[in-house]
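Trainee: I would like to go through some of the labels used for this model. Please set each value against its cut-off.

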Amino acid sequence: MIIYLLNKNQATIKAISTKNLIEAKYTEQINAANQLTFSVPLKNRLSKKVFYALFQKPDSLDFLMFKINDESIQNDRITYTGIDAAYDELKAYGYIKDIRPVKRTALEILQQVLKRTRWEPGNIPTTSPIDTNFYYQNYLDCIQQIAKLFNFELTFTYNFDTRLQRISSRKVNFYLQQGERTGKRFEYGSNLLEVTREEDSQEIYTALVGRGKGEEQTDEETGEATGGYGRRINFSDVVWSKANGDPADKPAGQEFIEDPEATKVFGYDDGKPRTGIVVFEDIEDPTELLQATWTALKSSERPKTSFKANVTDVGNLGLGDTIAIIRHELQIEYFTRVYKVTHDLQNKQNNVIEMGDDLSGNSLTSYVSDIGVTAQQASNQATSASVMANSKNKNYYSTTKPPIADEGDNLFLNLGNGEFEYWVWHNHQWEFVQSTQDLRNVEQNVKQAQQRLNEAKADIEKNKNEANEAITTINQTVTGLTAKVNDSVNHSELEQLSNQINLKVSKDDILGQINIAAGTTLIQNKKLYFDADSTVFSGKAFIPDAAITNISADKITAGTLDAGKINVININADNIVAGTLSGKNVNMDLTSGRIVFTAGRFYNQKETFDINIDENYIRSEKQTDYYGNTVNENYTITELRSGSINITRPNWHLNTNKEKWDWSFLGRENIFTLTTSQLTDNVFTQTSYPITAMYAKYGLVLTGDKFVNNMDILNIAGWNSNFTGIIIDTSNEGTITVSGSKGVTIAGGDVSTGNWLNSQAEILVGTQKREIDFNCDLAQFTNQITCNGLNVIGRLDVTGSLGIFGSKNAIVPTSKGMTAINAYETAEYYFGDIGKAKTDKNGQALIQLDPLFLETVNTSIPYHVFVSPYGNATVWVEQMDQNSFIVKSSKPNIGFSWEIKAKRKGYEDHRLKTVDKNIPDEAKEYYKEKGIM
């Protein structure tokens, strides 16, 4: 399989094969976002330009695309995770402000929603028209709302032109039900199915109280409907009797229907049923209400269970496929569906199927058989029905089961995938008869059985012919058994007597035999093969001559091997795993891993790496630049000698003997030294304390126990007075001092070409008196910052509170230069918003507060709204709630402006908070200058 990698603009960058990946899996789930996970070797890390991954859906012409949103680096791989790109795009691509479809089908509603997107309807079932509305919702919410309204299943697919390698269309698909009825049945507890989760009996009901539509109220005087509704109807007056063919017994006056068998298993210890209440908003007939309640009860009286299985155990089931689960301990059999499939894109035999009740909580639409969903489905009437020839029974053609019908009525249930099921109404319920998928399965099974029969006939004929080619003779006497099998060339004979067994096989003049007698066994042949994990001789073995391919030395446990008589060639060092190898100047202990050199050198061919035991140093040379090119000016030598690290450079001079420029190792220039040796009075005149000093010419000095002054620096390395580096001293009473003669720059980020100090982020210290200059996109300070001047170029984020002794200003350019605009501040923490609006013909306007603004303030407590009219009228705030407020005017169609101030979330109770009871010394002078104190 090929995975196409796309950039931010959804243009193809490259294509990779799943064969080159460590693993590649994608998970699809009913009404949930698909997910993709794949791993590459560390060396094949994807470019930062890769934003999307796209591939063809298995067993389909459609493509799927995923937004890569996570990169995880492990020891041997980099794993990328992506989510269905449609969910990422449609939740933020835009929004619907206000549309109100009236009597529109699902297709017409979806076309309105997608009008301003680059998506189009794909597979959309035919539906009846309904009314709905969308108000300030993103596109994804609107699409999911349509799916809920029509009880659809939702997918997103792409058409991809593999020749041009570009996306040609994006489609939204709705299905009445994905998958097909497979006819497969599985027993609960089978080792083919792994129970991944099972809910307890608290969510089970064994009796239900059914309530229908409220009774319409009428005017007592006129008899006309008032538009109101009273108590909901019930089925207390309807009687059911199992003796009359009803599915359960229910006497008159009883408001609930119970399944006694389920109560025995899941009811309470005193025999009472677990009772629930279900409401059917559109059912007006009590008999129909009882039937719908019974249907809901049958799906809520069992535990909710989910299963997991490998495709090799249960077959190639697809998303949405229907199977049957048999639970013998509950004496029930029920249908359930595959709600999740994890595809292995490298080997589909590793696919994992999850079926049963989806208990994950991730799906858009719940497919657990809860009462609410079942009740809604039970109340949906069939979309069409026709009277049969006998004028008594009906044929229903529908996508749902009618909750009630007459004895003998037929239902042709459309599964939405080209398949149909045939049901018959019998004993107050629909009974399954046959499905088109079952017929196809039977046809396929017959074909497979016929093929196996033909293969068996061929095998019988073949065996018969082979048997006729040999003549077999068996003779049995009182003293023994003799069997012979021979043809024109070959002969075999088995002879069993009372005191021996003899087996002979001959071909032409070649004879092989095994003779077993008491005390001796003869094995005779030209070649003798022992093909076993081990061959054991319990006694002595006499082998005149042997050619042994492999012999293990650890099996030779006694005796003497004379090296003078053994010629050992091509010895494999991998087999020397223990002991000690010794020489004049080296000793190597293979057991402990210790190697001891007493003298000599260890170096490479060019002597650019050298360990000298005699002179006690380790040296490494480098004569290349950062790109690997040989550059004379960069020739450096690094040495670890006598407890110090030294970096030096040989002298590049004209060799008069060779008449060319060459390196001289006499008087090498010192570049860098790191030492822990004791520097005495000839360096530090006042002390001989041991110190740690790291210094580089014209560069850095790092000291330990003793502060280093400028004269000491000159004494350490003989530098001149033009030293312009910095000093880091750690001996100044527990603090760290960083100083430089001409300021200190701390830089980070990518460095611009040719200038090592021009980076993306810089901190300049000491460039001007009492000033620190931050040059970066983001500066973050977690604790207190105290300074007289702070210049931040870019963004400044403060975690905590920001206290300002002076004023807070926005600095904006004007004709008189950079001008300060002061920030508005109050005694409490308020956020505000401002807007304009106009009242309608009734002198009223509804102002909806910005949802994003509402996330920052608390409008559950009182807030303030100020309004000002644009015209000769008065306006006022009539009503306020948490999400909006209403403004009225004394005249219609009056324009006005409004301003809201609401408490900031988390700071509702803060007012004039005392930060510090003591005035900092650094602030007193400033406040005195301003006349504040």
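Mentor: Bear in mind that this is a predicted model. Start with Tyr87, which has a relative accessible area of 11%.

Trainee: Why is Tyr87 called buried?

Mentor: Buried means under 20% relative accessible area. Tyr87 has 11%, so Tyr87 is buried.

Trainee: What makes Phe156 count as buried?

Mentor: Its relative accessibility is 3%. That value is under 20%, so Phe156 falls in the buried class.

Trainee: Why is the pair of Tyr87 and Phe156 called edge-to-face?

Mentor: The structure holds 16 aromatic pairs, and Tyr87 with Phe156 is an aromatic pair with 5.4 Å centre to centre and 80° between the planes. Rings pair if their centres lie within 6.5 Å, and planes over 60 degrees apart count as edge-to-face.

Trainee: Why are Tyr135 and Tyr136 called partly exposed?

Mentor: Partly exposed lies between under 20% for buried and over 50% for exposed. Tyr135 has a relative accessible area of 37%, so Tyr135 is partly exposed. Tyr136 has 44%, so the label is again partly exposed.

Trainee: What makes the charged end of Arg601 sit over the ring of Tyr603?

Mentor: The charged end of Arg601 is 4.2 Å from the ring centre of Tyr603. The cut-off is within 6 Å of the ring centre and within 35 degrees of the ring normal.

Trainee: Is Ser884 buried or exposed?

Mentor: Ser884, in strand S58 (residues 884-889), has a relative accessible area of 8%. This is under 20%, so Ser884 is buried.

Trainee: Which residues is Ser884 in contact with, leaving aside its neighbours within four places in sequence?

Mentor: Those contacts are Leu846, Ile847, Gln848, Leu849 and Tyr863.

Technical notes
Residues are numbered from 1 along each chain as its sequence is written. This is a predicted model: local features need pLDDT of at least 70, side-chain atom pairs count only at pLDDT 80 or more; totals for chains, interfaces and linings use all residues. Side-chain values use heavy atoms; hydrogens and water are left out. Rings of Phe, Tyr and Trp (its six-membered ring) pair if their centres lie within 6.5 Å; planes under 30 degrees apart count as stacked, over 60 as edge-to-face and the rest as tilted. Buried means under 20% relative accessible area, exposed over 50%, partly exposed in between (1.4 Å probe, protein chains only). Helices (H or I, at least four residues) and strands (E, at least two) are DSSP runs, numbered from the N terminus. Contact means heavy atoms within 4.5 Å.
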